[in-house]
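Trainee: I would like to learn how to read a model of this kind, feature by feature. Where should we start?

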Amino acid sequence: MSGIVLELQRNVLDPSIDVITLLRQAYLISKKLELSEFERWVNKELNGYESSDKIPDYRILRGELKALNPYRGWIPIMVDNLQVQMELSKHHTRNSIPSLVSLLKAEKGVQVNIPIHFFANLGLRIDLGLPEYALKLQENAVEAIMETVRNKLLDWSLLLEENGIIGEDLRFSDEEKKCADKPQIINYTNNFFADASNLQMQQGTSHSQQHNGKQNRS
């Protein structure tokens, strides 16, 4: 049996193998090597990020603020303050990878619903008199999250191989585990993350959740 690290590399290069499978394989490797930070990142990608978690840079997406006009469909809306407009157009995507996969398969049109009082809480006046507001996200931007995760898994597996970590027969030797205890491997995930903006739309609130074309409020 070939080493599991090399197997992960082959699987990453195979477009027929989905990112969920790759993450599970990476979880197994990180668990056996006791790479807790990487294991934690894999778990977040598989199960979703909490509202208190830092969000990786590649999960910060931009969209277009729109309101639903019953006669004209979704129309753009503008905020007087350009800086606030730019901040409102950001979305920190906390969904798990399985959730994003299901989202993209369901139907076209990925959006985050925004209750009207969200604008009022920021001291903004939106006087369109329309019932629904949302941040419309590009479908390819959501797909790019999964492609970025795939690329990071490939880079990580190459780093392990460069340090002599292969994992023959699903086992890592004491020497391989010792090689994994290096700053560049232990701290590999440090450059994934960015500080969250205070003006971000929180997907974890009871008023705003990412979904696919249908409003979903709890």
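Predicted model: local features only at pLDDT ≥ 70, side-chain atom pairs only at ≥ 80, totals over all residues.

Trainee: How far apart are the C-alpha atoms of Thr-148 and Tyr-58?

Mentor: They are separated by 7.1 Å, although the two residues are 90 residues apart along the chain. For the protein as a whole, residues 24 or more positions apart account for 74% of the contacts with a separation of 6 or more.

Trainee: How many helices and strands are there, and what share of the residues counts as buried?

Mentor: The protein has 9 helices and 8 strands. Of its 218 residues, 47% count as buried.

Trainee: Let us take a helix. How do I read which way its residues point?

Mentor: An α-helix has 3.6 residues a turn, so residues three or four places apart point the same way. Now the case of α3, residues 36-47. The buried residues of α3 are Phe-38, Glu-39, Trp-41, Val-42, Glu-45 and Leu-46. They cover an arc of only 160 degrees around the axis, and therefore lie on the same side of α3.

Trainee: What span should the 12 residues of α3 have, and what does the model give?

Mentor: At 1.5 Å a residue the helix should span 16 Å, and the end C-alpha atoms of α3 are 16 Å apart, which agrees. After α3 comes Gly-48, with a positive phi near 100 degrees.

Trainee: What does the corresponding reading give for α2?

Mentor: Helix α2, residues 19-32, has 14 residues and reaches 20 Å from its first C-alpha to its last, close to the 20 Å expected. Buried residues in α2 include Val-19, Leu-22, Ala-26 and Ile-29. Glu-34 follows α2, and its phi is positive, near 60 degrees.

Trainee: Which residue caps the N-terminal end of α2?

Mentor: Asp-18 does: one of its side-chain oxygens lies 3.0 Å from the backbone nitrogen of Ile-20.

Trainee: Next, charged side chains. How should I read them?

Mentor: Side chains of opposite charge can pair when their charged atoms come close. The structure holds 5 salt bridges. One of them joins Glu-45 and Arg-59, with the closest N and O atoms 2.9 Å apart. Glu-45 lies in helix α3 and Arg-59 in the loop between β1 (55-56) and β2 (60-69), so the pair ties together parts that are 14 residues apart in sequence.

Trainee: Are Glu-45 and Arg-59 buried or exposed?

Mentor: Glu-45 counts as buried because its relative accessibility is 0%. Arg-59 is also at 0% and counts as buried.

Trainee: Which residue forms a salt bridge with Lys-31?

Mentor: Glu-39 does, and the closest N and O atoms are 3.3 Å apart. Lys-31 is partly exposed, at a relative accessible area of 46%, whereas Glu-39 counts as buried at 14%. Another pair is Glu-64 with Lys-66, whose side chains meet at 3.8 Å, N to O. Glu-64 is partly exposed at 38%, and Lys-66 is buried at 19%.

Trainee: Which backbone oxygens lie 2.8 Å and 2.6 Å from polar atoms of the Arg-150 side chain?

Mentor: The backbone oxygen of Val-12 is at 2.8 Å, and that of Ile-17 is at 2.6 Å. Beyond four places in sequence, Arg-150 touches residues including Asn-11, Asp-14, Pro-15 and Asp-18. Asp-18 is also the residue that caps α2.

Trainee: One more case: where is Ser-89, and is it buried or exposed?

Mentor: Ser-89 sits in the loop between α4 (82-88) and β4 (90-92). Its relative accessible area is 8%, so Ser-89 is buried. The side chains of Ser-89 and Arg-62 are joined by a polar contact of 2.6 Å. Leaving aside neighbours within four places in sequence, Ser-89 is in contact with Leu-61, Arg-62, Gly-63 and Leu-135.

Key
Residues numbered from 1 in each chain as written. Heavy atoms only, no water. Polar contact = N/O pair within 3.5 Å; in protein donor to acceptor, adjacent residues only side chain to side chain. Contact = heavy atoms within 4.5 Å. Helix = DSSP H or I, 4+ residues; strand = E, 2+ residues; numbered from the N terminus. Expected span 1.5 Å × (residues − 1). Buried < 20%, exposed > 50% of the residue type's maximum accessible area, 1.4 Å probe, protein only. Arc of directions from axis to C-beta. Salt bridge = Lys/Arg side-chain N within 4 Å of Asp/Glu carboxyl O.
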